[in-house]
Amino acid sequence: MTTFTLQLRVKQSEGALVRVLGVTRRRRFDLLHLTANATEDGNFLDIKMTVKADRAEHTLVRQIEKLEDVSRVEILGPTKTEHARAI
Amino acid sequence: MKGAQFLVKALEREGVEIIFGYPGGAIMPVYDALLDSKIRHILVRHEQAAALAADGYARATGRVGVCMATSGPGATNLVTGIANAYMDSVPVVAITGQVATSLMGTDAFQEVDIFGITLPVVKHSFLVNTAAELPRIVHEAFRIARSGRPGPVLIDLPKDIANTIADFEFHDVTETSAAPELHDPSIARAIELMRESRSPVVYAGGGIGMAGALAEFRKFIDATRIPVVATLKGLGSIPTTHELALGMMGMHGTKAANHAVQACDLLICVGARFDDRATGRLNAFAPHAKVIHLDVDPAEVSKLRRADVPLIGNLRATLSALACPLDIEPWRRECLAAKETHAWDYDAPGSEVYAPGFLKTLSDRAGKHCIVASDVGQHQMWVAQHFHFNNPAQHLSSGGLGTMGFGLPAAIGAQFAFPDACVINVSGDGSIMMNLQELATLRRYDLPVKIVLFDNRALGMVRQWQELFHDKRYSEVDLSDNPDFVRVAESMGIPSFRVENRRDVSSAIDRLLAEPGPVLAHVLIHQEANVWPIVGPGKSNSEMLDEVAR
């Protein structure tokens, strides 16, 4: 299981945040934390989100990068990898 | 000028010549404006068919297909067609009417959040919130639909915006979509892998045709002389009769194609995405191969299979850079010998019509420029296996979504694009019923689409799986109460005839092709006819099942 944090800047447009969250869910990444703030000029939304999945982070990052309204994607900090434990 | 009038003028400016659609309350201003336009509107009988016809038009021409529907159920009926275009990367712009902005969010009559509903199945979408946005949105929609990896774009237009009178100006800003630049060290590394390889295979996908890279691809194959396997959408990237074409790979692929992939030491994937139907069990797919992956979409590279050399960018440039002669003669001979050993055998027992043989004969007689729009199921795989294609745009098939009911509307779209072409819809008794109403569209516009309806009185592919993988526990696959398709077709003004015996196939095909207008051949086949070979679910492509004795 991999946990990592993404910092995104997206254009303030119809459904921009929903699009990012939709891709995250469809690509089977679980959301652990999310903040979203409009930039001062109101033109963009800065999104910081922490997700976990048993898939490689690039499989999400590249899908988010494809969204028309996304202008920047960065992976913040080191990726945390845990081995699955039996419950 | 009203918003709706501007929309229609902007569509004209984008080069739109034809729209497939169905009117209704919220889209009425646009239909009113269409009366004064040179754009031809094609009235289908169900909105799903409008989206699928636009998809078929786009696949056959490479241009953006356009469909239109009203709000609510009109819009939701488009969704399957939009998803179909999304899964196969087809450039389509779908325009939906929406209730007035003042009513949005109030559960108004025929209000549905089509923007939200379609989010997972569009490349992008727009809700027009103000009239001022309309010029930019229309222009952007077309740019996005056709750029990079193509896909469907939705424009949801509220009725009050459509009726707003304003001074609209065309949005003529030309944005260049920056294709990633070729990375020279990667090209050099790819050529190094190609030269080291003793047994390379090219895995050709739908991206080749969509990128307009057929010429470059063929030069690349001519130079390297690497054997080629194709996905469903990649068929025709080189003519299927080409010496080096080993046929389709995957679940219903040829033995020559699957064996070559499983044995190869280098797999050069061109515009394909390692779909599960193509790869079989992924961790057993091409187990000895290094991978060079060429694609315009970075998200597809190393998504399912790690690429040793990713080559992201326009296929035309990449393929040209990779064309070089290789020393692989023993491997080529091995592949060509396997192709000969496993060539199709059309000498099947029995007197009933043998669908693969029917299609082979039809392909031989229909000419090398005919367009085939297939539905989904066993007949779809038989078309892929036995029809010859010189170009992927001749083979319209719902690959990713697998949409039963795709074939007839797609054939309609293709026939409008090429009025003089021979367009054939191959369907099944399950699939045809999904958009049967479009026979009325064929009649209305007198489109000379030739329909071959294979009828096994069953949902054949599901029945085949239940036979092979569910211990013959047949669940809801019986269609023995089908209507009389000949009478149904005739009632809609489509000449029709039945073919019941193999000895009648030759004359039936002559009759089908000689008919000047639309025609439906109702072809009865054995209820238990199966598609062979088959790779079972979860199995490796090395484990192909042959026909089993009953």
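Predicted model: local features only at pLDDT ≥ 70, side-chain atom pairs only at ≥ 80, totals over all residues.
Q: What does it take for Asp88(B) and Arg59(B) to be called buried?
A: The label goes to residues under 20% relative accessible area, with over 50% called exposed and anything in between partly exposed (1.4 Å probe, protein chains only). Asp88(B) and Arg59(B) both get the buried label. As for bookkeeping, residues are numbered from 1 along each chain as its sequence is written, chains are lettered from A and ligands numbered from 1 in the order written, and side-chain values use heavy atoms, leaving out hydrogens and water.

Q: How do you know that Asp88(B) and Arg59(B) form a salt bridge?
A: The test is a side-chain nitrogen of Lys or Arg within 4 Å of a carboxyl oxygen of Asp or Glu. Here the closest N and O atoms are 3.0 Å apart, so the pair passes. Asp88(B) sits in the loop between α4 (73–87) and β4 (92–98) of chain B and Arg59(B) in helix α3 (residues 47–61) of chain B, so parts 29 residues apart in sequence get tied together. (Helices, H or I with at least four residues, and strands, E with at least two, are DSSP runs numbered from the N terminus.)

Q: Are Glu216(B) and Arg316(B) buried or partly exposed?
A: Glu216(B) has a relative accessible area of 17%, so Glu216(B) is buried. Arg316(B), at 41%, falls in the in-between range and is therefore partly exposed.

Q: Which residues does Met492(B) touch?
A: Leaving aside residues up to four places away in sequence, Met492(B) is in contact (heavy atoms within 4.5 Å) with Leu436(B), Gln437(B), Leu439(B), Ala440(B) and Arg443(B).

Q: How do you know that Arg443(B) and Asp446(B) form a salt bridge?
A: The N-to-O distance is 2.5 Å, so the pair qualifies. At 31% relative accessibility, Arg443(B) counts as partly exposed, and Asp446(B) does too, at 45%.
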